[in-house]
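Biologist: Please put the model on screen. I would like to go through its fold, its voids and a few residues.

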Amino acid sequence: MTIGGSDSGAGAGIQADLKTLSAHGVFATTVITSVTAQNTQGVETGETIPADLVDAQIRTLYVDLPPDAAKTGLLGREEVVLLVADHAWRLPNLVVDPVLVDRDGAVLVDRATIAAYREILIPAAVVATPNHREAALLAGRPIANEAQQSEVARELARSTRTPILVTGGRLGGPRPVDVLSDGLQTHILPGRWVPSRNVHGTGDALSASITARLAAGTSLMVAVAEAKAWVARAVAGAATWRLGRGEGPIDHFGWS
């Protein structure tokens, strides 16, 4: 089950989750939290779905199509974050991708929503996958380099008692680095830069790939490592694509 917002450009959000989960051979159900009008150049406008309808979607799916794993994307507001947390017992192998900023780094939520993620929803998950900007908001401190990225991952894992994967694809530096910490052990997961403008939805694809692997019974560490490699291949596959005039999607199905 994926719980998040609809991207009309189909590069991120629910659409990216559906593509990723399908590519991994698992059947995906969807809970829509918002509808956006967007393309490769950005979001034009959007509307949130009433919380009672979000609640009804989760309940209706659970009684007939209970998930083996679930993930969150754009929840948008404190009310929905708390609602999903209330359903956590229905959502095994819950992966929380806390969408707190847009692709340009602009903050999308208020302080109460950030606190609800940190104090209520993330502690109910098996892993959270913030990018470095989102992790900085959750921790209340900046992340400007790999050392700070590791410190924040470890700090958040200890405070939430949930493993934290802080992704660094937009952090810069000589290499892209993701950091996974459970508060006791911290793993540095380096990658390589792929020259491409087509990286829209990489965070959604990573968290969805992890979710698919957890649904199949893979351990968390292996699921993260394999998902990271899968996303790298998908980014490389779309490097020469020319879809739209902005930041395009990745190659979810290995077309290239």
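The questions and answers below go from the whole chain to single residues.

Modeller: A word on conventions: residues are numbered from 1 along each chain as its sequence is written, and side-chain values use heavy atoms, with hydrogens and water left out. This is a predicted model, where local features need pLDDT of at least 70, side-chain atom pairs count only at pLDDT 80 or more, and totals for chains, interfaces and linings use all residues.

Biologist: What percentage of the 256 residues is buried?

Modeller: Buried means under 20% relative accessible area, exposed over 50%, partly exposed in between (1.4 Å probe, protein chains only). The share of buried residues in the chain is 52%.

Biologist: What share of the contacts with a separation of 6 or more joins residues 24 or more positions apart?

Modeller: Contact means heavy atoms within 4.5 Å. For residues 24 or more positions apart, the share of those contacts is 65%.

Biologist: Which helix gives the most to the lining of the second largest pocket?

Modeller: A pocket is an open set of points on a 1 Å grid over the protein atoms alone, with protein on both sides within 12 Å along at least five of seven lines; a cavity is a set where a 1.4 Å probe fits but cannot get out, and lining residues have an atom within 4 Å of a point. The second largest pocket has a volume of about 230 Å³, and of its 15 lining residues the closest to the centre are Met1, Phe27, Pro67, Asp68 and Ala69. By class, the lining has eleven nonpolar, two polar and two charged residues. With three residues, the top contributor is helix H7 (residues 202-215).

Biologist: What is the volume of the largest cavity?

Modeller: The count comes to one cavity of 30 Å³ or more. Asp7, Gly9, Gly11, Gln38, Asn39, Thr40, His200 and Pro249 line the largest cavity. A volume is the space filled by probe spheres set on the points, which are joined across faces, edges and corners. Here that comes to about 40 Å³.

Biologist: Against which elements do the buried residues of H5 pack?

Modeller: Helix H5 (residues 132-139) is mostly covered, with six of its eight residues buried. They are His132, Glu134, Ala135, Ala136, Leu138 and Ala139. Their packing partners are helix H4 (111-121), helix H6 (146-160) and strand E7 (164-166).

Biologist: Is Lys228 buried or exposed?

Modeller: Lys228 is found in helix H8 (residues 220-237). Beyond its neighbours within four places in sequence, Lys228 is in contact with Asp178, Leu189, Pro190, Gly191 and Leu206. Its relative accessibility is 18%, so Lys228 counts as buried.

Biologist: How many Å separate the C-alpha atoms of Val224 and Ile210?

Modeller: Val224 lies in helix H8 and, at 1% relative accessibility, counts as buried. Leaving aside neighbours within four places, Val224 is in contact with Leu165, Leu180, Leu189 and Ile210. Val224 and Ile210 are 14 residues apart along the chain, and their C-alpha atoms are separated by 5.8 Å.

Definitions and conventions:
Helix = DSSP H or I, 4+ residues; strand = E, 2+ residues; numbered from the N terminus. Nonpolar A, V, L, I, M, F, W, Y, C, P; charged D, E, K, R; others polar.
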